[in-house]
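This report describes the packing of one protein chain. The sequence and the structure are shown first, and the notes follow.

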Amino acid sequence: NKITSIVGKSGSGKSTISDILIGLQDIKKGEIFFDDKKLNDLDLNFLREKISLVPQEPILFYDTIKNNLTWSKTDASENDIIDSLKLANAYDFVMKLPKKLETVVGERGTELSGGERQRIVLARAFLRNPTLLILDEATSGLDKISENKIKESILSISKNTTILIIAHKSPLIEASNYIYVLRDKKIAEEGTYNKLKENPNSAFNLINY
């Protein structure tokens, strides 16, 4: 129930970590544990049911907004859907659409803007109430106001959810309890946001935060 960020420039190995955590890539050496259980000993389907991943490129189906949301949780109530949209700062724009939740988003969501697609994908992730929420450059297409509202939301849900933020630059990082800075596929630094920020020569600051 804490927020951890992994930051670094492109190619430093950030997204590889999320791929490993959900079993898309195997580790070549070392071990990964979820609590006291090894990743290799867990059933992948069971593990993935506990995780929500929001990638940089939002993926929506040629269907309604409602069906794109409930695809991740088929028994979601109307209130659950509304709450998730509000957490993702998506409720207002959805309610302004002529057909609201019944709006068809088009092929891969092309009837919506990039920022709108990203907020629907975030809402879908929130709707699942995951044990682990992975945000992989998940707000890169959002404006600063939306990013700050999402930051407030993840602070709220982190009381009951472990959150992993993978980012290059994002206001979400400021909400982290702890940060790891990657450089050349290794941990160059680690610490709290304030500790890393106060050192002008830190690798964290050299990534232009």
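How many aromatic pairs does the structure hold? In this predicted model, the structure holds 3 aromatic pairs. One of them is formed by Y193 and F204 and is edge-to-face, with 5.8 Å from centre to centre and 85° between the planes. The pair links distant parts of the chain, with Y193 in helix 8 (residues 193-197) and F204 in helix 9 (residues 203-206), 11 residues apart. Both Y193 and F204 are buried. An aromatic ring also takes part in a contact with a charge: K86 lies over the face of Y91, at 5.0 Å from the ring centre.

**Helix 6**

Helix 6 covers residues 114-127, and its 14 residues should span 20 Å at 1.5 Å a residue; the end C-alpha atoms are 20 Å apart, which agrees. Of these 14 residues, 11 are buried, so helix 6 is largely enclosed by the rest of the structure. The buried residues of helix 6 include G115, Q118, R119 and R124, along with I120, L122 and F126. The partners against which the buried residues of helix 6 pack include those in the table.

| Element | Residues |
|---|---|
| Strand 4 | 51-54 |
| Helix 3 | 65-70 |
| Helix 4 | 78-87 |
| Helix 5 | 91-96 |
| Strand 5 | 132-136 |
| Helix 7 | 144-157 |

After helix 6 comes N129, which has a positive phi, near 50°.

In soluble globular proteins, nonpolar side chains tend to be buried together. The largest nonpolar core here has 44 residues, and the members that touch the most others are L69, L85, I120, L122, L135 and I154. Helix 6 gives the most to this core, with 7 residues. Leaving out residues up to four places away in sequence, I154 touches I3, F126, L135, I163, I165, L172 and A175. Another core, of 13 residues, lies apart from the largest one; among its members are I20, I22, L42 and L47.

**L44**

Is L44 buried or partly exposed? L44 counts as partly exposed because its relative accessibility is 34%, where buried would require under 20%. L44 is found in helix 2 (residues 44-49). Apart from neighbours within four places in sequence, L44 is in contact with I22 and G23. The C-alpha atoms of L44 and A123 are separated by 23 Å, and the two residues are 79 residues apart along the chain. A123 is one of the buried residues of helix 6.

Conventions
Residues are numbered from 1 along each chain as its sequence is written. This is a predicted model: local features need pLDDT of at least 70, side-chain atom pairs count only at pLDDT 80 or more; totals for chains, interfaces and linings use all residues. Side-chain values use heavy atoms; hydrogens and water are left out. Helices (H or I, at least four residues) and strands (E, at least two) are DSSP runs, numbered from the N terminus. The expected span of a helix is 1.5 Å times one less than its number of residues. Buried means under 20% relative accessible area, exposed over 50%, partly exposed in between (1.4 Å probe, protein chains only). Contact means heavy atoms within 4.5 Å. Rings of Phe, Tyr and Trp (its six-membered ring) pair if their centres lie within 6.5 Å; planes under 30 degrees apart count as stacked, over 60 as edge-to-face and the rest as tilted. A charge sits over a ring if NZ of Lys or CZ of Arg is within 6 Å of the ring centre and within 35 degrees of the ring normal. A nonpolar core is a set of buried Ala, Val, Leu, Ile, Met, Phe, Trp, Tyr and Cys residues joined through side-chain atoms within 4.5 Å.
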